[in-house]
Amino acid sequence: MGKTADLLPGTLDMLILKAVSLRPLHGYGVLLRIRQISGDALEIPQGSLYPALYRLEHQDLIAAEWGQSENNRRAKYYTVTAAGRRRLREETAGWNRLASAIAAALKATSEEV
Amino acid sequence: MLRRFRSLFRVLTGRRDFEARMTEELRFHMEQYTCDLVRSGVRPEEAGRRARMEFGSVNSVKGDCREARGLHLFDEFLRELRYAARLLRKTPGFTVTALLTLAVCLGANLTIFAVIDSVLLRPLPFPEPGRLVTIFNTYPKAGVERDGSSLTNYYERRGRIPAFSSLAIYRYDTAIIGEAGTTEREPVARVSPEFFSTLGAGPRMGRAFTEEETTYQTDSVAILTDAYWRQRCNADPHAIGSQIRVDGVPRTVIGVLPPGFRFLSSEARLYFPLSSRPEDRMPLQRHHGGNVIQTIARLKPGATLGQAQSQIDTQNATLEADDPQARMMADAGFRSVVVPLHADHVAAIRPTLLLLQAGVLALLLIGAVNLVNLLLIRAGGRVKELAVRQALGASRRYVVSEVVVETTMLTLAGGLLGLAVGAGGIRLLAVLGAGRLPLGGGIAFDARLALAALAAAIVMGIVLAAPIAWFNLRRPLGNALQSESRGGSSGRAAQILRHSFIVSQTALAFMLLAGAGLLGLSLKRAMGVSPGFRPDHILTGQISLPWKNYRDRAARLAFVETLLDKIGHQPGVLSAGVASNMPLSGKSGKSAARVKGHILRPGESPRGHYAYWVGGDYFGALGFRLRAGRFLTAADSRRTERVCVVDEDFARYYWPDSSALGQRLFEGSDEGVDAEAFTIVGVTGRVKQAGLTDDTAQGAIYYPYVFRDDSNIFIVARTGLPPESLGLTLQKVVRQIDPDLPLNDLQSMETRIADSLAARRSPALLAGLFSAIALLLTAIGSYGVLSYAVAQRRREIGVRMALGARPEQIRSQFFSLALRLLAYGTILGVIGAWLAGRAMQAVLFHVPALNLAILAGAAGVMGAVSVVAGLLPAHRAAKISPMESLAGQ
C-alpha cells in the first residue's frame, strides 16, 4: 500500500459515480474499485461510504439491485443511472477546470506577476 | 423534488424491509472486508476487530443512511407521536374530557354544516347551475308578495329576452295513476317543452316534450322519473312507447329521466306537458298567475342578472303600455323579479341555518377555550421538565413541534369521534324533519364532509397549539429551573389568560343560553296563537278529481254532496265539509276581489285576499267563530243566488264603520255586471291562513263550492273520536263512491299545526341542546381552572392556615374569584345576548332582542352552574391541611 491521500470534500460522490459507471458494484466493491483506479492513492473512510451511496440512490443518480456476489452471496449492486452519468460528466468537467486552474496558479513564477 | 418524495414514500411503505436490507448490506461489507484481511495474512480474530474499528459505529452509519433518505424527520415525528401518546395516557381524566369535548363540539358543527352544505352550499345538480334563475311577479301594495308567472308571461317572454338562452315554466300537481281500484295519487310536475333543456338535464331514454304536445288534445305523453320507472315499470328497458293511465286517460311514455334527476325539492315522480288553451295565453290573462305556475330561465353565458332584470322591466313596460289594467297594476306595485334559482329556493330557511351554524361555532369556541385552559394547566405542570430539556439542548422548533403533534393528535382523535357524533346528529335531524327543508333531501354524511371535518380538526389542533407553545417558550429558563414550586410567580400572565378564557367562555355560554331562550319563547308564543278555529278532533285529507270524469261543476258538486252525505252518516262524525284550500295547508290561495261601490283611493289597488270555495258544513267542522250574519251551508251551492262570507279583517278593511252584511263583491279585479256579484251574508272570525305567525290582516272570502273550477279538494271532518282513527273509514267511503279516487294526505288538524311550526321547533330544540352542552363545558372549564388555582397555591394556603387563617376565609377567597369571573362573563354575555337577539329578529316571533325574563333566567342557570363549579374547588381549598401541604413539597 503506497501513500494515501485524504479526500477533498465533495469528491466522494464523484468517485462513487465513476466507480459504478465502469461496471455494477456492491458497496465493498466500490471501496476496492476506487482504491484500485486511484492507484491505491485514495482511501475512502468506510463509515462515510454507505451514507453517500444511500444519498446518491435517493437522488436517483445511482440505482440499486440485489444480485449474486463473486462468492455466491446476496449483495446489493449499484449501477449508474442516466442522470448519474450526466452528473458525472458535469462534475468531471468542473473538476478538470478547477484542477487546471489551480495547477496554473501554482505554476506561476514571480516574473509573471 | 417529486422523485425524492417517491423515494421517501417507497422507503416509508417498506420501512421494515429497508432496515433489514440495510443491515444485510452492511454485514456483507464487514464480512467481505474481514475475509480480505484474513486473506492478506491477518489472524481471523484480529481481522474482525480491525474491520469493526475501521468501519466505525454501525449504528451511526445506519443513522446517516436513514438521514440520507430523508427518514430522520419521519422518525422524529414518530418519536413525538409516541411521546404525546404516552403523555395523554398518563392523564386519562384530561384526555377523556378533551376527547369528549372535541367529539361533541366537532360533531355538532359537522351536523349543522351537513345541512348548510346540502341546502346552501352544494350547487344544484345541473350543468352551470349559477346561470339558472327564476322570475316571479310581485304586487306588494296589494298584499301579494309573490304570484309566480302566468302562461301569458311565458309565451311573451320566451325567445324575446336576449339575456336568457332558454326559459321554461312548470307547475306542481298531483295525478291519479293506474287502473280502476288500484289507483294511486302521485305527485307530478307539468312542464313546458324547454324545461329539461333549460336545466341542462333531460331524459336518459327517449325524448323531451315538444311544442306540439302543449294542447289538451295532443298532450297525452309522459316522462317518468327513474324511481317511478324502477318501481312501477320494473325498470323495463322497453318502457318507451308503453301506456299508463293518468286520471283515467291513457298517456304514452316517451322518456325516462336519469337516476339522480331531481328538480329543487320536487317530489314529482312523473312529468307531463304543461298544456293550455290559446285563450289562456292572451294578454288579458297576464296577471292571472295565482302563484301556481313558476318560471325558470338560464342566463346566456356572460349575461348578468342585472341585464336580465332590466330586459324584463323594459318588456313589462312595453306590454303594459297598451294594457287596460296597467294603471291598476302599477298601483299594486307590480314588478317581475329575476333572482338566482338556488338562492331563491332556500331564502326562507337561510337565516335559521346560519343562526344555528353560529350557535355551534360558539359551542366549538367554548370547547376550544376549555381545551386551551386545560392544556395550559397541564403545561404549567411540566414547566420544569421542559426547562430541563431546553437546557439540555431541545431546540425551540422541537418544543413547538412537540406541542403541535400532541394537540393535533388530540383534535384528530376527537375529530374521529366527532364523525360518529355527527353521523348521529344527522340522524337526529332526520327525525326532526330536516328532510323536508328545501333541498333537505340531500343531507347526508359523506366522505367529503368527513374529510372537511378532519381537516378542521387538524387546523384546530394547530390553533390550540399556539398558546401552549407560546407559554412553553415564553419563560426565561433560569427562572423556571430555580423556582421550586410548580408554576412560580412567573405564571401571572398565564393566569390572566386562563381567567379571561373563563370569562369569555361564560359570556359565550350565556349568549347561547339566552339565544335558545329567545327561540323557545318565540316558539311558545307561536304555539299560543289561536288559529281562529278549534283544531282538536279534526281529520283532514285531500282528493283530486280527475278532469275526465268530473268535467263540469255539476259532476263535481254531485260527488261532493254524495261524499259529505256518506261521511256524515259514519259513526263518530259530528260534521264534515270540503274546501278548495285549508288554513295552514302551506298553499297560498290569494286572489283578487273587487268590492262593489268601493272607490279606490289614489295609490290603492284591488287587494289580494285569501279565497276559499267551501261546501258542506265546512265552518262547523273547523269550528269557526261567527261574528255577524250566517255561515255558508250546503244549500248555498245549490241555489242560484250568489252569496259569500268574509272574515272580520276583510269587513274591517272595507267597512270600518258599518256592517259588511248585504254588501256585494266581484271575484277578480274588475267590477262586473250585477248578476255576477256575490252578496255577503256572514262575517267570520279571523283565521290564521298562512301560518300561526302570520300577522298580516289580508282578509279572506269564502264562496260556495259550486263556483270553483278546480279539481283539488280538502275534506275536513270533526269527530268525537281520536281523529286518526277515522282515516280508514273515510278512505273506504271515497272508494265506495268512485273506486278510482284515492284519498291522501290524511292528517289531523293538530298535526298540521304542529308541522307548520317545525321550522321554529327544531331550531329551538337544537339551540336548547347546544346551550346545555355549552353550560356543561363552561362548568368543566371553570371547575378545572379553579381547581388548578387551588392546587397551585396549596403551599401558600398551608402557610396562611398555619399562621391562623380560618378555612372560611380561604373558602370565600376562592369562591369570590369564581363569582368575579361569573360576573364579568355575565356582563359580557348580556351584551352578546343583545347582539344575538338583534341578529335573530328575522326568525323570532313577537319576542324583542332583549327580554328581561330570559336574561334573568339565563343568568340564574349560568349562576347556579358556576356556583357549583366554583364551590367544589373552594371547599377543597378550605380543607387543605397545613402540615400536609408544607410537608408535601
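Biologist: Start with chain A. How many helices and strands does the secondary structure of chain A come to?
Modeller: Four helices and three strands. Keep in mind that this is a predicted model.

Biologist: What pattern does chain A follow along the sequence?
Modeller: The pattern reads α-β-α-α-β-β-α.

Biologist: And what box do the C-alpha atoms of chain A fill?
Modeller: Roughly 60 × 35 × 20 Å, along the principal axes. Chain A has 113 residues, and 29% of them count as buried.

Biologist: What about contacts within chain A that join residues at least 24 apart?
Modeller: They make up 53% of the contacts between residues at least 6 apart in sequence.

Biologist: On to the sheet. In what order do the three strands of chain A sit?
Modeller: The order is β1-β3-β2, in an open sheet with antiparallel pairing. The edge strands are β1, residues 25-26, and β2, residues 62-68, both of chain A. Each of these two pairs on one side only.

Biologist: What holds strands of a sheet together in general?
Modeller: Strands pair through backbone hydrogen bonds, either parallel or antiparallel.

Biologist: Back to this sheet. How many bridges join β1(A) to β3 of chain A?
Modeller: Two, and the strands run antiparallel. β3 of chain A covers residues 74-80.

Biologist: Which residue in β3(A) stands opposite A:L25?
Modeller: That's A:Y78.

Biologist: New topic: chain A against chain B. How many residues does the contact take from each?
Modeller: It takes 14 residues from chain A and 19 from chain B. On the chain A side, the elements giving two or more residues are α2 (27-37), α3 (46-58) and β3.

Biologist: Which of those gives the most?
Modeller: α3(A), with seven residues. By class, the chain A side has five nonpolar, five polar and four charged residues.

Biologist: Now chain B. At what angle do α26 and α27 of chain B pack?
Modeller: About 155°, with their axes 8 Å apart. α26 of chain B spans residues 807-839, and α27 of chain B spans 852-878.

Biologist: Why call α26(B) and α27(B) roughly antiparallel?
Modeller: Angles over 145 degrees count as roughly antiparallel. The angle here is about 155°, so α26(B) and α27(B) are roughly antiparallel to each other.

Biologist: Is the crossing of α26(B) and α27(B) left-handed or right-handed?
Modeller: Right-handed. The contact of α26(B) with α27(B) has 18 nonpolar, five polar and two charged residues.

Key: Residues numbered from 1 in each chain as written. Chains lettered and ligands numbered in written order. Predicted model: local features only at pLDDT ≥ 70, side-chain atom pairs only at ≥ 80, totals over all residues. Pairing = 2+ DSSP bridges. Contact = placed C-beta atoms within 7 Å. Nonpolar A, V, L, I, M, F, W, Y, C, P; charged D, E, K, R; others polar. Buried ≥ 20, exposed ≤ 12 C-beta atoms within 10 Å, placed from the backbone. Axes fitted to C-alpha atoms, helices over the stretch in contact; angles between N-to-C directions. Parallel < 35°, antiparallel > 145°, perpendicular 65-115°, else oblique. Left-handed = near helix turned anticlockwise from the far one by under 90°.
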